[in-house]
Amino acid sequence: MMSLKKTLGLGLIFCCTVACEKYLAEKPSSSIAIPSTVGDFQALVDYQARMNENYPDCGDNAADYFYLLTADWMARAEWGRGTYVWDPQADASRDWSVCYEKIFYTNIVLEGIDDALLDGLGERDRDRVKGSALFIRGFTYLNLVQLFVPPYDLDIEDSPYGLPLRLTPDINAATTRATVGDTYRQIEADLLEAVSFLPDKSFIATRPSKAAAYAALSRLYVFMERYDDALTYADRCLAVQPDLMDYNDLDASQREPFTELNPEVIFHAALQGQSGILAQSRARVDSTLYSTYGPNDLRKALFFEEQSDGTCLFKGSYFGRGAIFSGLATGEVYLMRAESLIRLGDWQEGVETLKQLLNKRMEAGMVDIPADLDEERALAWVLAERERELAFRGGVRWGDLRRLNKDERFAKTLVRVVDGQTYVLEPNDPRYTFLIPIQVILHSGILQNQR
């Protein structure tokens, strides 16, 4: 096995395998500190700029909850423009790079943590660090799979279009694509193993916890349409962290109405923002979505700010500092529980769960229940509320579009008009799966996604 020192010394070359272009010209440093204690490895998983920020954004750039003015679109970098208009050759290499960088560092931790010196810390600290690395690796693969792997279906489990699964920091390991089924099973295994090492809740939500792993598992199973499992893990999450803010207590006049690390945040994370597509100053709220917020819906004023030109901008991030929150929060978990119950036939209990959430989102006593509610209408209601609640929530809407497109009741054709040209993305189009970066294809010879 390659020594840890050599692994870290060559770590920057790892980008050649995963197409991390920005590092290609950098040389390994002879002064790299070699982690040897539990505290050293804790510092790696606690590094917020690497582990809590810079989650992939191309799916959100391509999603339907916002639009750009032509001038703003033209001022963006080529890869940002391409993902926004669903260019068949859109360059998503930045997202691939930042995710595999996270995975590389989690593998460093997982290779070394069992033999690390305690140096004043305890075995619980070792467990927490190991669980954190497993969670971050699983959560990162969960983000990647919605971008670079076709939408999940039992019928394609054996197809060769899964992700390259890097499970060690060995930069010389061959890059091969796993099957779709093996990719999803690896995500599931990482998150389930993380549960056994993590505390129920972390004292600060920048660190993973059992609640975070449960929430991530529930999201995974929703994307896989395994609603019985999604319900199980939503319940486990809410048993640990059920907190909901009452939006009646918040001040909609504030520029940032939500505090960072507020009580609903289970795991604190943000999208990368280098493309500027989703910058608060330019991403206009989709007018159709905006019109669906009723007069008693407090989210309308807390999430959005009307402009003098009649457009609206988003201001309601749970991350703060203008970044798009892409972590895990309890509102999403209530929605996953509600949807799963409805899809499993217990639609009345699903509606009660949805009302628990909406009672904290609407003016007091003003939850607007659809008329003649039945199972079909309940499902449509919870999906509409999911779209309203999770607008500008990184890592969610693109996955929802992919899974819901398989159901003709909820399939949606996306349309954008830029500089007089109309762009269309039909349901189940191959462009819902981004291309593997060309550098990876050239280096490894792995199979490219279909077009």
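Analyst: Arginine 409 is partly exposed, with a relative accessible area of 42%, where partly exposed lies between buried, under 20%, and exposed, over 50% (1.4 Å probe, protein chains only). The model is predicted, so local features need pLDDT of at least 70 and side-chain atom pairs pLDDT 80 or more, while totals for chains, interfaces and linings use all residues. Residues are numbered from 1 along each chain as its sequence is written, and side-chain values use heavy atoms, without hydrogens and water.

The partner of arginine 409 is glutamate 376, and their side chains meet in a salt bridge at 3.0 Å, N to O, the term meaning a side-chain nitrogen of Lys or Arg within 4 Å of a carboxyl oxygen of Asp or Glu. Because arginine 409 belongs to the loop between α18 (397–404) and β7 (414–418), whereas glutamate 376 is in helix α17 (residues 375–389), this pair ties together parts that are 33 residues apart in sequence; helices (H or I, at least four residues) and strands (E, at least two) are DSSP runs, numbered from the N terminus. Glutamate 376 is also partly exposed, at 46% relative accessible area.

A second pair joins aspartate 46 to arginine 207, whose side chains form a salt bridge of 2.7 Å, N to O. Aspartate 46 sits in the loop between α3 (38–45) and α4 (48–51) and arginine 207 in the loop between α10 (180–197) and α11 (210–224), so the bridge links parts that are 161 residues apart in sequence.

Aspartate 309 counts as partly exposed at 49% relative accessibility, while arginine 284 is buried, with a relative accessible area of 10%.

To place these pairs in their setting, the structure holds 35 salt bridges. Salt bridges can also be joined into a group, as in the network that links Glu264, Asp297, Arg299, Arg361, Glu385, Arg388 and Glu389.
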